[in-house]
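Open the model in a viewer and keep the sequence panel beside it. The stops below can be taken in order.

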Amino acid sequence: MKMKSQATMICCLMFFLSTECSHYRSKIHLKAGDKLQSPEGKPKTGRIQEKCHGPCISSSNCSQPCAKDFRGEIGFTCNQKKWQKSTETCTSLSVEKLFKDSTGASRLSVAAASIPLHILDFRAPENIENVAQGIRKNCPLDYACIIDVVKSSETTSGNIAFIVELLKNISTDLSDDVTREKMKSYSEVANHILDTAAISNWVFIPNKNASSDLLQSVNLFARHLHIHNKSENIVNELFIQTKGFHINHNTSEKSLSFSMSTNNTTEDILGMVQIPRQELRKLWPNASRAISIAFPTLGAILREAHLQNVSLPRPVNGLVLSVVLPEKLQEIVLTFEKINKSRNARAQCVGWHSKKRRWDEKACQMISDIKNEVKCRCNYTSTVMSFSILMSPKSMTDKVLDYITCVGLSVSILSLVLCLIIEATVWSRVVVTEISYMRHVCIVNIAVSLLTANVWFIIGSNFNTKAQDHNVCVAVIFFSHFFYLSLFFWMLFKALLIIYGILVIFRRMMKSRMMVIGFAIGYGCPLIIAVTTVAITEPKNGYMRLEACWLNWDNTKALLAFAIPALVIVAVNLIVVLVVAINTQRPSIGSSKSQDVAIIMRISKNVAILTPLLGLTWGFGIATLIEGTSLTFHIIFALLNAFQGFFILLFGTIMDHKIRDALRMRMSSLKGKSRAAENASLSPTNGSKLMNRQG
């Protein structure tokens, strides 16, 4: 009886250890529409077809068991009233499949590699104390005994996590004497979970550090690799390559070149590691070794631990290149070919900090970014051994665009300030009727809106989108969105003034009522749109763009909350201008209203000129969001957008002959007063008084 209870206890303990690394409870929130299917569209055997049953309450979780022959479970999270997969620990691998003794007894789980097996399995005639001892016993020279089992396994999330732990334990316990054969076997195992078909399953691994652990394990294992020839290709798998050579202080500048494909169909992406001559002079006369490892797909799965905002990933846009160098060497030069060759893909050289588990911008400096090739100078340390380039989608860094924007905004702001000064100077002379009064109210508010929006744009350009500036960036986007919309809605109100003047036959409306309607349209509508946009998108981290303080486009299409109202207003204003053109062909409405007719015509000309300009500006702005858009579109958009203030000054103020006449009269009156004052000071009476005072 005692023996039976002991056996039961041992079986339970072995089951717990064999599934320990598979049962995690943490959850990941994914995008809507994720399916439980393989890349080929067929259901994977390690997953289940049905999802959780029962009510789907927001943010609630549930789990389902894996299919037959798989241990673990699949976790689901309720998102937008639909159950979506969040985690998966389904695994078919175990140490039992990797190592079996003559009696077929089970061996230790890789998740507890250092626990002595004799504590768990008293039936084993020979004790294998850990995974390392199991490999030493079965395949000590090349690790070949585990390759077939691993490569025949399905790349479910649970199996990927199992293999990462296996490689981690090998790097820790079996890296004392790494030969070329061992490195090949090790890389074959890593290549299996770096395949493009496995990439999509990494996101469901509960352990978010799995990808970082894999990279660190490979680098640690490669540190102990022995090189026999002067230069050799050690590993040449599809998704991991290793090269190395001997170096000393007399070696001329050395380089290692890689050419790898990110998937099975695209052209190869190039990468190169160079050791400068001045660095090699630091070495001793005796030979040292330099090793480099290239990963074409690892960049897609590396997850940064420090990013609190999950909506701000930093995509890797080249090979991930790891280097193992002598301690005396501190600087290397790396060349990366861009995966995304769009002109909009801005490059940033970075190194992977193994302790902080994130990309470190301070580790590298960019030497050049010419066409599709980026050259970086990086500092090599024991904690920063891997390097790559990041990209910021749709962020133009062309110096021409920066110059145009800087000069254009300066001209725009000065023009708007001048516009407001002119309006203040001639105000009393030009606001004769209700319609003329509201016309100039519109001009003033259009200038104020654009001026304020430009100021917020400048403020936003000084902030980045990292987590610490997130709240400030949200505020900048909100006010920029609000005031840019106000610009268009005041243009809409100008068009409504035209319709009012034509269709209502100039019936008088109280100034106060017109002001209420104008401010309700000019500021009320933009406020509603801006508040609604931030309220809907910000809780999902979809309000701001990845690379700039502006409305998101890639995920939530929040930018449509600006583009749609703006372009609709442009279309409405153009229709109004067409209506005016048709009506002006008719006989005169009446001489008594000739003054109002002239005002309506000036408003129409103003709208007819500014509306196409504003429409073209933001039409080109929408065009720049399309992937691969020509640089010409970006330059045209920058020109039109930056000089909007100048256009408003020119076409809305200076070209109005009434304003010019009022300015002339104002200048004449000022000159007249100045001359009168001068004449008065020089008159004989004043002169005699002055002499008397002096006397």
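Predicted model: local features only at pLDDT ≥ 70, side-chain atom pairs only at ≥ 80, totals over all residues.

**Disulfides**

Start by showing the cysteine side chains; the structure holds 6 disulfides. Select Cys56 and Cys78, which form one of them with their sulfur atoms 1.9 Å apart. This pair links distant parts of the chain: Cys56 sits in the loop between helix H1 (2–18) and strand S1 (61–65), and Cys78 in strand S2 (residues 73–79), 22 residues apart. The torsion about the S-S bond of Cys56 and Cys78 is about 115°, so this disulfide is right-handed. Cys78 has 3% relative accessibility and therefore counts as buried.

Next, select Cys349 and Cys376, joined by a disulfide with an S to S distance of 2.0 Å. Cys349 belongs to strand S11 (residues 346–353) and Cys376 to strand S14 (residues 373–379), so the pair ties together parts that are 27 residues apart in sequence. Which hand does the disulfide of Cys349 and Cys376 have? The torsion about its S-S bond is about -70°, so it is left-handed. Cys349 is buried, with a relative accessible area of 4%, and Cys376 is buried at 0%.

Cys364 is in strand S13 (residues 364–370), and 14 residues separate the two cysteines. With a torsion of about 110° about the S-S bond, the disulfide of Cys364 and Cys378 is right-handed. Both ends are covered: Cys364 is buried at 7% relative accessible area, and Cys378 is buried at 0%.

**Salt bridges**

Lys338 is in the loop between strand S10 (331–337) and S11, so the pair ties together parts that are 31 residues apart in sequence.

Now select Lys151 and Glu188, whose side chains meet in a salt bridge (3.3 Å, N to O). Lys151 lies in helix H4 (residues 147–151) and Glu188 in helix H6 (residues 180–194), so this pair ties together parts that are 37 residues apart in sequence. Lys151 is partly exposed at 44% relative accessible area, as is Glu188 at 21%.

For a pair within one helix, go to H18 (residues 657–682), where Arg664 and Asp661 are 3 residues apart and separated by about one helical turn. Their side chains meet in a salt bridge (2.7 Å, N to O). The count over the structure comes to 9 salt bridges.

**Helix H8**

Select Lys168, Asp213 and Arg357, which are linked in a network of salt bridges. Asp213 is one of the buried residues of H8. Colour the helix by accessibility: 11 of its 13 residues are buried, including Leu214, Leu215, Val218 and Phe221. At 1.5 Å a residue, H8 (residues 210–222) should span 18 Å, and its end C-alpha atoms are 18 Å apart, which agrees.

**Annotated spans**

Finish with the UniProt annotation "transmembrane region", from an unreviewed entry, which covers spans including 400–422 and 632–655. Residues 400–422 are 100% helix and 0% strand, with end C-alpha atoms 32 Å apart. Residues 632–655 are 92% helix and 0% strand, with end C-alpha atoms 30 Å apart.

Methods: Residues numbered from 1 in each chain as written. Heavy atoms only, no water. Helix = DSSP H or I, 4+ residues; strand = E, 2+ residues; numbered from the N terminus. Expected span 1.5 Å × (residues − 1). Buried < 20%, exposed > 50% of the residue type's maximum accessible area, 1.4 Å probe, protein only. Disulfide = S-S within 2.5 Å. UniProt positions renumbered as here; feature names shortened; annotations may be inferred. Salt bridge = Lys/Arg side-chain N within 4 Å of Asp/Glu carboxyl O.
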